[in-house]
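This report describes selected features of one protein model. Please look at the sequence and the structure before reading on.

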Amino acid sequence: MKVVIVGGVAGGASAAARIRRLDENAEIVIFERSGFISYANCGLPYYIGGVIEDKEELTLQTPESFGLRFNTDVRVRHEVTKIDKENKTVTVHDLEHDRYFEESYDKLLLSPGAKPTLPPLSGLELPMLFKLRTVEDTFAIHEYIKMHRPKSVVLAGGGFIGVELAENLCELGLKVTIVQRPKHLMNTLDPEMASFLHARMKKAGISLMLGHTVEGFRSSKEGTGLEMLLKDEEPLYADMGVLCIGVTPDTELAKEAGLSLGLKGSILVNEYMETSEPDIYAVGDAVEVRHRVSGERAVISLAGPANKQGRIAADNICGGRSTYKGSLGSSVIKVFDMTAASTGLNETALKKTELSYDKVYLTPQSHAGYYPGARPMVMKLIFERESYRILGAQIVGYEGVDKRIDVIATAICSGLSALSLKDLDLAYAPPYSSAKDPVNMAGFMIDNIKNGVLKQFFWDEVASLPQDDSIIRLDVRTPAEYGRGHIEGFINIPVDELRDRIAELPKGKPVYVICHSGIRSYIACRILSQYGFDCHNFSGGFGLYSSLSGDEMLAKELLPCGAVKG
């Protein structure tokens, strides 16, 4: 059996290695148009920032080492330009020697990946304007910074690459500005969760121009930098620029071959990673998948799914029947000393579906509060109303974020309900967690909702609360906290004084209660409920609200009661 693989990196390289492990006699040929067969795509911004100092560390395998270990014919700087389905051949352009030839195959695997989205903007040819997708792009940016010593940079786009690159360039001492049309960074997060990242990046000195439209670029009058042209605004000057607008499935080869295409021009595949043409498979950023929560079509450009798909395609090429179950889009990102992670669907996406959902916010600590170094995190967990099926989660914090998002992703994949989170038997020791882990706490809250013990209201409902005296708005933080900032109209009675001052609250009116993180306000709601009041707890607390309404940082330390320490 002869297998030709178009493209290396995550999907193609993992497929080649798996095929060899399953079939020692298979002939495997990999054509990769770049000069690198297997490299750490996700590490590229960190080489630019100097975190990864040796560029050789980016290369997981050289063409020579990969070829030797897996007895594979690896040809870099070779671009496949045409597929002949009838004769089962591909046309290959040897870029180094500028010659064309044909290669036959029994099985063909397409792993072309995605290419940077390049909208029709003016000035894309400017020498100080870059994109970042490949190792070559990385080296070009690194070399430009080394040679020209720019002092400022403008980034178009605030997704994964934009945010990671912004951090690394900021750490190099450049003045960084991110410009994008969406009004919050990271479309994997909902706006209230992204607001904590906004505050952290602004604290680091990064300028965020969100809700602005880029119309093009031009050289500055001095010719030493560029000007970003903005719709209805003055141009923005910088010494250099990077396009981080996103990626598009690179599927021109598949399209010209007549393979069926899906969402955003991606390659349509079934659960076996088979395309519409027999003996042709496709994996990675170029293929359409099914979202594991919604069941809807999706294009998810992440290394984890690409590696799994490469393995599955290899199994099936070798006669197996492995299936791809779909993707949750689980992701995590470092933003200076903070971490943000998500899995499943966010609320923005859910609003476009017909699913009926509810949500909880909580602000637990990364480990036991009495053990030094505990740091808070904000968790948002979304679940289906009737079934309590977990639909998605987002977490922003300092430590322990990745651990919790992985537990929730595992729960979704295993079909556990949100109520089951309270029953998970998770490892505990003071340096690592609390006896009631944050994931358990989310389950407890949802159980309280199910049993009518907890009623909630949310940050985006505050403005629509009645402005007359038909309700009671109650802030149960300390007078000092209240004095540092509060929502207009909320009276202050600290939770520890509530029982003695309960006569100050008129009976028969609904009470809307807030504290910093939701813990004390929940306690207050339980007290008031047993005195006959109809109580609603502010989910997420004043910490979440103030981050949205200002540029409030997520506190680095909380007291056990959820108040800001100090």
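## Charges over rings

Arg-321 lies over the face of Tyr-272, and the distance to the ring centre is 3.7 Å. The model is a predicted one.

A further arrangement of this kind involves Arg-477 and Phe-542: the charged end of Arg-477 sits over the ring of Phe-542, 4.2 Å from the ring's centre. Phe-542 also takes part in ring pairs, the next topic.

## Aromatic pairs

A pair of aromatic rings is described by two values, the distance of the centres and the angle of the planes. There are ten aromatic pairs in the structure. One of them is formed by Phe-457 and Tyr-512, with centres 5.1 Å apart and planes at 85°. Planes over 60 degrees apart count as edge-to-face, so this pair is edge-to-face.

Phe-457 belongs to strand β28 (residues 456–457), while Tyr-512 belongs to strand β31 (residues 511–514). The pair therefore ties together parts that are 55 residues apart in sequence. Are these two residues buried or exposed? Both Phe-457 and Tyr-512 are buried. Ring pairs also link Phe-457 and Tyr-512 with Phe-538, Phe-542 and Tyr-545 into a cluster. Phe-542, a member of this cluster, is the residue whose ring has the charged end of Arg-477 over it.

## A parallel sheet

Five strands make up an open sheet, and their order is β11-β18-β12-β13-β14. The pairing in this sheet is parallel. Which strands are at the edges? They are β11 (129–131) and β14 (207–210), each of which pairs on one side only. From one strand to the next, the twist averages 20°.

The edge strand β14 runs parallel to strand β13 (residues 175–180), and four bridges join the two. Within this pairing, Gln-180 has Leu-210 in β14 as its bridge partner.

## A buried strand

Strand β25 covers residues 357–362. Six of its six residues are buried, so the strand is largely enclosed by the rest of the structure.

In a regular strand, side chains alternate between the two faces of the sheet. On one side of β25 are Tyr-357, Lys-359 and Tyr-361, and on the other are Asp-358, Val-360 and Leu-362. All of these residues are buried, and both faces of the strand are covered.

How many bridges join β25 to strand β26? There are six, and β26 (residues 377–384) runs antiparallel to β25. Leu-362, one of the buried residues of β25, stands opposite Met-379 in β26.

Definitions and conventions
Residues are numbered from 1 along each chain as its sequence is written. This is a predicted model: local features need pLDDT of at least 70, side-chain atom pairs count only at pLDDT 80 or more; totals for chains, interfaces and linings use all residues. Side-chain values use heavy atoms; hydrogens and water are left out. Buried means under 20% relative accessible area, exposed over 50%, partly exposed in between (1.4 Å probe, protein chains only). Two strands pair if DSSP finds at least two bridges between them. Rings of Phe, Tyr and Trp (its six-membered ring) pair if their centres lie within 6.5 Å; planes under 30 degrees apart count as stacked, over 60 as edge-to-face and the rest as tilted. A charge sits over a ring if NZ of Lys or CZ of Arg is within 6 Å of the ring centre and within 35 degrees of the ring normal. Axes are lines fitted to C-alpha atoms, for helices over the stretch in contact, and angles run from 0 to 180 degrees between N-to-C directions.
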